[in-house]
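Good morning, colleagues. Please turn to the sequence and the structure, which I shall take one part at a time.

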Amino acid sequence: MNVIPTAFLFRYTIPVVRQDKLPRAKSPLLKLPEICQVPWPSALNGEPEFAKLAIAWNPEGLAIEATVSLPDRAKGKKNKEFTDEGSLLVWIDTRDTQSQHRASRFCHQFVASTQGGGEDEDEPHVRQVPVPRAREDAPEADPESLLTEAEQLDDGYRLAVWLPREALHGFDPATQKRLGFMAVIHDKEMGMQTLTVNTDFPIDSDPSLWVSLELIDE
């Protein structure tokens, strides 16, 4: 049995393609094409994958979309009401500081959930939360600028998040083409899927454990 997971042994740089005209003016919020899907390095650890992740960018912000598969769901049978409970946690460092173990003011954490928003708390919502142990917190984003949408599928659901540049302190793709990034998906039925290593490591607070996203124009 390996004490150190295989995914921990490498540093990752993941290309993220530019997609203009995001977010969309009508539902679906993002509708990211297959070219935007990114790999899960945690697969090197032999851990099961129940979710796909797609990321895109443009000068106005960052788009993130998680698609969760629920294999026991009968195809073609959608609930009248959205009842799936899942969340997407993302960490973003607009300076991609791989050598620092504590977050700076350029490091952000956002939590998006399929439920918890609206008067009855049954609508999707997204919020910014402080990065633990940060040397300095990032400026607080305007909650109204953070967009999220949940869509029920025949065999699961999709959770989409749009983070505008105003919510990402230091976001400047013209001069800074790399972002530090980490993601974790929690699902009530399937459990947890992490981008690289699991929460035995301080991935929630240590930017040196995050991957690099390379923003490309293709």
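Let me begin with a pairing in this predicted model. Strand E4, residues 61–69, is joined to E9 by nine bridges, and the two strands run antiparallel. Within that pairing, Ala63 stands opposite Trp162 of E9.

E9 itself spans residues 156–164, and eight of its nine residues are buried, so the strand is mostly covered, with buried taken as under 20% relative accessible area.

What joins strand E8 to E9? Seven bridges do, and these strands also run antiparallel. Here Leu147 is the residue opposite Trp162. E8, which covers residues 147–153, forms a hairpin with E9, with two residues between them.

Finally, I turn to the surface. Which residues gather in a patch of negative charge there? They are Glu119, Asp120, Glu121, Asp122 and Glu123. Of these, Asp122 lies in the loop between strand E6, residues 107–117, and strand E7, residues 123–129. Asp122 has a relative accessible area of 45%, and is therefore classed as partly exposed, a class that lies between the 20% and 50% cut-offs.

Notes. Residues numbered from 1 in each chain as written. Predicted model: local features only at pLDDT ≥ 70, side-chain atom pairs only at ≥ 80, totals over all residues. Heavy atoms only, no water. Buried < 20%, exposed > 50% of the residue type's maximum accessible area, 1.4 Å probe, protein only. Helix = DSSP H or I, 4+ residues; strand = E, 2+ residues; numbered from the N terminus. Pairing = 2+ DSSP bridges. Patch = residues over 30% accessible without salt bridge, like charges linked within 9 Å, V, L, I, M, F, W, Y side chains within 5 Å. Areas by Shrake-Rupley, 256 points an atom, 1.4 Å probe, with all protein chains shown as cover. Salt bridge = Lys/Arg side-chain N within 4 Å of Asp/Glu carboxyl O. Lys, Arg positive; Asp, Glu negative; His and termini not counted. Charge placed at Lys NZ, Arg CZ, Asp CG, Glu CD.
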